[in-house]
Amino acid sequence: MKSTAVVIPLTDRTHVYRQGRKIIFSVVGQHTTDAARDATDQLRQLVDDIRGPVEFVADLREITGFTIDGRVFWQDAFRETRGRIRMITVVKGTALARMTASAVGLYAGIKVRSLDTIEEALDPRLDPPLES
C-alpha cells in the first residue's frame, strides 16, 4: 500500500544579523542552549563591528520555546555589551518570552520596548534616539 503522507520535520532556527545600527535576532521554533551560545557569540562580534550605540531587535514572532539554561548566555552577553546596546526591542513572542527578554534587559540595565511587527522595529522613522 502506497502512503501519501509527507512528514516535514520542524526545523528550529536561530539567526543573528545586522541591518544598519540594528542587530536582529530571529527564532523559529525552539531556542536551544547551543543556539543561545552561538547567537550570543555572533551578537558580541556584531556589536564590536559597529561604531557607537546599537539597538538589539528580538524577533520572537515564531518562537515556540526556549531552554532556561540559554538565558545565562544572554545575560552575560548583554552585561558585556551594555555600554553599546542602548535598546532591546521585542517583536511579539509569547508572554513568557517577552517577560524573559524584559528581565534580561533589566538585569543588564538596558531599556526594553515591545512592538507588534518587525516592520515597525526596522523602520528608521520610528526609532527612539540612541544616545551616544
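The model is predicted: local features need pLDDT of at least 70 and side-chain atom pairs pLDDT 80 or more, whereas totals for chains, interfaces and linings use all residues. Residues are numbered from 1 along each chain as its sequence is written, and side-chain values use heavy atoms, without hydrogens and water.

Glu55 lies in strand E3; strands (E, at least two residues) and helices (H or I, at least four) are DSSP runs numbered from the N terminus. A second polar contact of the Glu55 side chain, at 3.3 Å, is made with the side chain of Lys22. Glu55 counts as buried because its relative accessibility is 1% (buried, under 20% relative accessible area; exposed, over 50%; partly exposed, in between; 1.4 Å probe, protein chains only).

In helix H2, the buried residues include Trp74 and Phe78. Strand E3 (54-66) is among the elements that cover the buried residues of H2, as are strand E4 (85-91) and helix H3 (95-108) (contact, heavy atoms within 4.5 Å).

Strand E4 runs parallel to strand E5 (residues 111-115), with five bridges between them (strands pair if DSSP finds at least two bridges). The β-α-β crossover from E4 through H3 to E5 is right-handed, that is, clockwise from the first strand over the helix to the second with the strands pointing away from the viewer.

Terms used:
A polar contact is a pair of N or O atoms within 3.5 Å; within protein, one must be able to donate a hydrogen and the other to accept it, and residues adjacent in sequence count only if both atoms are side-chain atoms.
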